[in-house]
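Please examine the sequence and the model displayed below.

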Amino acid sequence: MIVRMKIKKGEEVKFISQLDLMRAVERAMRRAELPVKFTEGFNPRPRISFAPALPVGITSDAEYMDVEFESVLPLDRILARLNSHLPPGISVLKIDTAEGKIPLSSVNRAVYTVVVDTGSDIEPELLDKAVTEMLSRPEITVPKTSKGKVKNVNIAPLIHGIKITGVEGSRAEIRMELSAGQEGNVTPPLVIKALQEHIPSITVRRMNRDELFMVREGKRTDPI
């Protein structure tokens, strides 16, 4: 039995890595005495797989994982047992069987809500203008660090939508739909870095991943 879970990662745990998140879930499943299936060999591990990793420092309402169990269990029992043993900041929001669902490896889009501070009061029109100017460029090049090396990357093809959803004083809320996963990946801090060319004082205050899904030929499919 393979079960798919939608997991919330809150403020309390936003600075832990995906590996630490997986370990926390593993410990909770052991304490809940759930019959998780293990790999074979000298170092058996639980049969768990994740959707594209969430960068450290970002909260999420849309982390997905598949867990294989030795036997068939009622989904509501798995949900209740696991949530009663997970640490503060981590909870299972939704659960279903993975049968008939898209592979988590095929997920290629993420939606984020990003709260920024512009340093001083800003009119919504000025922020909209800065976003429009940035998106109108054929290339949006920013420095990206990977494996200890810094290289310039063009993130323009990886941005699928940016919308200002609220402005109050110097604070603004921005919705971003970005590429995620194996086909290409960009995170909100890189987008804000590009936006700093138009608004140098803009800084990130809070980031949350709201949604994670697959888009193929213009059609959206959710993992659960």
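Why is helix H4 (residues 188–195) largely enclosed by the rest of the structure? The reason is that six of its eight residues are buried, where buried means under 20% relative accessible area, exposed means over 50%, and partly exposed lies in between (1.4 Å probe, protein chains only). The buried residues of H4 are Pro188, Leu190, Val191, Ile192, Ala194 and Leu195. Contact here means heavy atoms within 4.5 Å. Helices (H or I, at least four residues) and strands (E, at least two) are DSSP runs, numbered from the N terminus.

The model is predicted: local features need pLDDT of at least 70 and side-chain atom pairs count only at pLDDT 80 or more, whereas totals for chains, interfaces and linings use all residues. Residues are numbered from 1 along each chain as its sequence is written, and side-chain values use heavy atoms, with hydrogens and water left out.

The protein as a whole contains four helices and 11 strands. Its C-alpha atoms fill a box of roughly 55 × 35 × 35 Å along the principal axes. Of its 224 residues, 45% count as buried. Among contacts between residues at least 6 apart in sequence, 74% join residues at least 24 apart.

The domain assignment divides the protein into domain 1 (2–101) and domain 2 (106–221), with bounds that come from an automatic or database domain assignment. The contact between them takes 14 residues from domain 1 and 13 residues from domain 2. The centres of the two domains, taken over C-alpha atoms, are separated by 28 Å. The UniProt record, an unreviewed entry, places the feature "domain: DUF2344" at residues 3–188; UniProt positions are given in the numbering used here, feature names are shortened, and annotations may be inferred rather than shown by experiment. That span is 20% helix and 37% strand, and its end C-alpha atoms lie 30 Å apart.

At 1% relative accessibility, Arg209 counts as buried. Leaving aside neighbours within four places in sequence, Arg209 is in contact with a set of residues that includes Pro52, Ala53, Leu54, Asp61 and Glu63, and also Ala110, Val111 and Tyr112.

Two serines in loops are buried as well. Ser106 lies in the loop between strand S4 (90–97) and S5 and has a relative accessible area of 13%, so it is buried. Apart from neighbours within four places in sequence, Ser106 is in contact with Met214 and Arg216. Ser106 and Gly181 are 75 residues apart in sequence, and their C-alpha atoms are 7.6 Å apart in space. Ser170 occupies the loop between S8 and S9 and is buried, with a relative accessible area of 17%. Not counting residues up to four places away in sequence, Ser170 touches Val116, Asp117, Thr118, Gly119, Ser120 and Asp121. Between Ser170 and Lys219 there are 49 places in sequence and 37 Å in space, C-alpha to C-alpha.

Most residues other than glycine have a negative phi. Glu33, however, has a positive phi near 55°; this residue is in the loop between helix H1 (18–31) and strand S2 (48–50) and counts as exposed at 65% relative accessibility. Glu217 likewise has a positive phi, near 50°. Its place is in the loop between S10 and strand S11 (219–221), and at 86% relative accessibility Glu217 counts as exposed.

Aromatic rings close the account. The charged end of Arg220 sits over the ring of Phe213, 3.8 Å from its centre; the criterion is that NZ of Lys or CZ of Arg is within 6 Å of the ring centre and within 35 degrees of the ring normal.
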